[in-house]
Amino acid sequence: MLRFSFPPAFRRSCCILLTAAIVSCKLLGQQDFNHFQTLQSQGAIPGDFFKATSEKIAEDMDAKRTDLSTAKEKEFLENIHSSIDHLLHSGSVIYGDEISEYVSAVADNLLRNEPELRRQLRFYTIKSNETNALSTDQGIVFVTTGLVSQLASEAQLAYILSHEISHYTEKHVIQTYSWKRENAYERNRLEKLSAYSKEHEFEADKLALRRYHAAGYSKEEVLSTFDVLMYSYLPFDEIEVPNSYFMTERLYIPDSYFATKKYPIKANENYNDDRSSHPNIKKRKDAITLSLKDYANWGTVVFSQSVEHFNYIRNLARFESIRTDIISADFGEALYSVFLLEREYPESVYLKQMKALAWLGLLQFREEGHHNKTVPASNDYEGESAAMYYFLRKLNKNATQTLAIRNILDLQRSLPEDEMLAEIRKRLTKTLAGSSHFSWSDYSTVDFHTMAQRSAAPPDSLKTALSEEEKPQSKYDRIKSQKSVNSIERFDSTQFYFYGLGDILSDTAFLDEYHNYKNEYNARKAHEEKLNAMTPKERYEYDREHKGETDNPLAIHLEKTVLTQPVIVDHRKGKPDRYASEKLTMKLSEILENVSQNHGVEINTIDHNDIRLNGTASFNERSTLYGLLEQTARYEDINAFPADYMLLKTIRETYGTSDLMYTMVEHHYKADINIAIIGVSTLLFPTLPITLLGYVPIQLLRGHRTTISAVIIDAASGTVKTAYHVEMRNKPGAYYLGSVYNYLFSQLKQTH
Amino acid sequence: MRKVILFQTIITLTAFSAFAQNKKGLFGKTQFVEFNSLSCFNAFSHLGYYNGGYYSYSPSENSLSRSTDKFNYGWNVTVGTALKKGNAGFSLQTGFWYSNANGPSDLRVYDPQNGWFTAYIAHENLRVRTFILMPVVHLTENGSFFPAGLNHEIGFGLLSSRIADREYALKSMDEGSYYWNGTYTPVNKIVDSIYQSKGSPIDTKSAIKGYSILYGIKFRTPVSKNVVISWGLRYTLNFTFKSQDYGWSDQGNYGISNIEVYESVKRVVSNNRLSLNVGAAWIL
């Protein structure tokens, strides 16, 4: 059979064209929430996202935007560009997407009489559940998905944008920077800075009214915007969760598991803001109430675009918030958001996938004893969501296992063709197989209600009813029967979880899968135990006998990998030197490509250069890969199932590998010269030459510390395949790095 | 903000990884041949140096002028390899160190009629060549790429010093006359005459042996996959074995005391020395 294979560059171009085609189709239509996909950047890539930091600083220096001296301006520009570029390249900022476009349209409305100002501003979205907006000195206004998800009207967004635009026009960023420089040694600096910052906030609140009023927005929406800010720590809606939400036809949960009281919302608008950069809500409301009187002839616009479109945009943000929760392992919040959105979109595949992921996450964290991190603690219980958090925290290990199995299997059965749900189910099965606290023998084939009825029935009649079905039993059969979870004697209504999976006990395909994983797990465990039980001599002999069977964890037979933005951070004088870092980072990509080539490993690098060449498609790929990395880190030692499973699948197919490589190098220089030693040797004068010619140069030479870290994550499963970390006392020179990566690739190439 | 988290992420995922391992060698290569030049400014490098009150002389326009021995140099060749785990190495170092010793201050001259008498002379500095053969253990800093990178060298070896066999200049420092070959002749003429006909009577055959202890810190900076530039500091403590009887360097009618010569050489050889080391190594 003849097979044609296309070169990777050709496959890549096809993929980019295909992505562009999909993006253009999406621009014409709206997202279908039943098949929601995480928001991605669209259209041409703005310069903010592909220009190097040094390039931006040079451009701004030429433009001379500030009144600062050249040195101070350079320092200022370095600070703001490097911090904003960190954000822009973090993988959580998107451009040209529907939310950013909507925000831009609202800004167009606000700035219709100020075209020059409008031209200076760019609006981007941050995928974050924090309720926030911020503007930068460069003219970028960021809006978080968390903020959009909380809004009640377009006018509220308009007021927030107007506030941020005022910060930009009044140059508050540079003023704060200058203040900090001038008052570096001020007493009570933090309090004074807070007061200074609050002045800016009051000024921006006040100035925001001018554009807001001119655009014809409604006066009533101004004060309600502050309510959005005040209650933004709560979920995006307040709906009671009925107890029945967690139950199914097969699974009954007793009332004792549910909260019996309501948790009041404790927010107070007159909170202590002494050390805060923003005045408290009451002060802001009072100030704005006075300022409102300065304007007459208020407009009535609450929505300049349709309400439906606003709701659509807000729903995008709300759907997006669930992914953010999953990545952050905030499963309690994710499940409450799913509950809220399921009411409107009960058939949404996305919601089902996210719900399954949340239950899988709850189970995995519970197994590792980290479950307290995944659901808000009781002192954070406020409002309707508290009932859900109370319930989730009440679940013990068995209950969590049962609910995870019940939910994931039901979700997967409702969408048997869905690949992601099928994979989540497999991960569930693997997790159960690896649990020492899980056994199918604990589970009853009889459901809770039937058992409850049997146990409540008069003993004699029950005995008669049962004995009619049973054959004569031996003593031992009777003991076994009494110990069985199906026995009436053992029935305990608080252990509802053992009576909710009866139907699954007859699902032979699922059980076979479980037993296969269990056998694998047991074999692995037995092998580990055998090795641990060996004496050092036995272990030595064993290792000699099995010399060929390498235990090298780096040996993963790597043939192809997608390398995500290798990074070097070069610290000088205690802070990152962006020029040196940028230069070295470019070198690092070259080194990695050369070294991998020498070892016959095909490497596809998605970095700044690639983004500059291929634009948005490449930028989106990098964001997805960063998303996986962040999720992996947040889950710590738990194998995260990728929230962006389907996007990662596209990347896997494009590059023909599921091995994703991330690497970074960090360099510090600090000579540990102990002044006391020099002091002592000065006093003992004859030893001074030894100190100056011996101790000092040695310490100067030993001052370099470079750490090189690399991790390879499997895009299909989200598991960390291998990780490598090494520290060297050299500068991150090309040949040192080449040597480290040469070693690394030589090991990665080996077969386990 | 989040970028910082991402950096930390990679570090977090790997920092506590049991998979952290040391690499071995530069691009996997662990053997090396190195050529080093050594230099030493005596003014501050000879720790505890004392010249014994002798003067140094060096030739200048057909004469000898007072001088100080400011600068010494040497070279060595090292052949070595990293040990199995890559965090240490072993090498064999051999080379020469060139230094100057004060020449003798007395010339003994024999007159058949008057017997031996002493002429005070200025003798050109003696060129001392010290051969060193030294096994060296290299201890690398954690994560270095031995032979490249920062490493500490500790060595213990043997040395053998000889005075270079060459024509040394000498001249009389004595203006007095002495009865010589039947006439009163100024001593400088006697010395010049002997020197013109027979040269300096320095014995260059004997060797001074001893041992040397080395501590060095060396940085080998790679400039290609195979070549490293090395630089660093070396501290050597040299000791000579117990003095042997060097005797008298007798040329028939004149001679010098070898004891004086070799004490001077020994003093130079056994100086503790701080030297700067610059070289290159080929990684094989």
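Since the model is predicted, local features need pLDDT of at least 70 and side-chain atom pairs count only at pLDDT 80 or more, while totals for chains, interfaces and linings use all residues; side-chain values use heavy atoms, with hydrogens and water left out. Residue numbers run from 1 along each chain as its sequence is written, and chains are lettered from A and ligands numbered from 1 in the order in which they are written.

Chain A carries 30 helices and ten strands, whereas chain B comes to four helices and 18 strands. Helices (H or I, at least four residues) and strands (E, at least two) are DSSP runs, numbered from the N terminus. Of the 752 residues in chain A, 53% are buried, and for the 284 residues of chain B the figure is 51%. Here buried means under 20% relative accessible area, exposed over 50%, and partly exposed in between (1.4 Å probe, protein chains only). A contact means heavy atoms within 4.5 Å. Among contacts between residues at least 6 apart in sequence, 76% in chain A join residues at least 24 apart; in chain B, 75% do.

Now to the helix pairs. Two packed helices are described by the angle between their axes and the distance between the axes. Axes are lines fitted to C-alpha atoms, for helices over the stretch in contact, and angles run from 0 to 180 degrees between N-to-C directions. In chain A, α15 (residues 349–367) and α18 (residues 419–433) have axes that come within 10 Å and cross at roughly 15°, so α15(A) and α18(A) are roughly parallel to each other. Angles under 35 degrees count as roughly parallel, over 145 as roughly antiparallel, 65 to 115 as roughly perpendicular, and the rest as oblique. The residues of this contact between α15(A) and α18(A) split into ten nonpolar, three polar and three charged. In this scheme Ala, Val, Leu, Ile, Met, Phe, Trp, Tyr, Cys and Pro count as nonpolar, Asp, Glu, Lys and Arg as charged, and the others, Gly among them, as polar. On the α15(A) side, the residues include A:Leu357, A:Leu360 and A:Gln364, and those they meet in α18(A) include A:Ile424 and A:Leu428.

A second pair in chain A, α8 (residues 154–169) and α11 (residues 220–230), packs at about 80° with axes 9 Å apart, so α8(A) and α11(A) are roughly perpendicular to each other. A:Tyr159 and A:Ile160 are among the α8(A) residues making the contact, and A:Val222 and A:Phe226 are among those from α11(A). By class, the contact of α8(A) with α11(A) has six nonpolar, three polar and one charged residues.

The C-alpha atoms of A:Ile638 and A:Gln364 are separated by 6.9 Å, although the two residues are 274 apart along the chain. Beyond neighbours within four places in sequence, A:Ile638 also contacts A:Phe365, A:Glu368 and A:His370. A:Ile638 is buried, with a relative accessible area of 6%. A:Thr624, in helix α26 (residues 616–634) of chain A, is buried too, at 5%.

Finally, A:Asp48 lies in helix α2 (residues 47–50) of chain A and counts as buried because its relative accessibility is 11%. The side chains of A:Asp48 and A:Arg122 are joined by a polar contact of 2.9 Å. A polar contact is a pair of N or O atoms within 3.5 Å; within protein, one must be able to donate a hydrogen and the other to accept it, and residues adjacent in sequence count only if both atoms are side-chain atoms.
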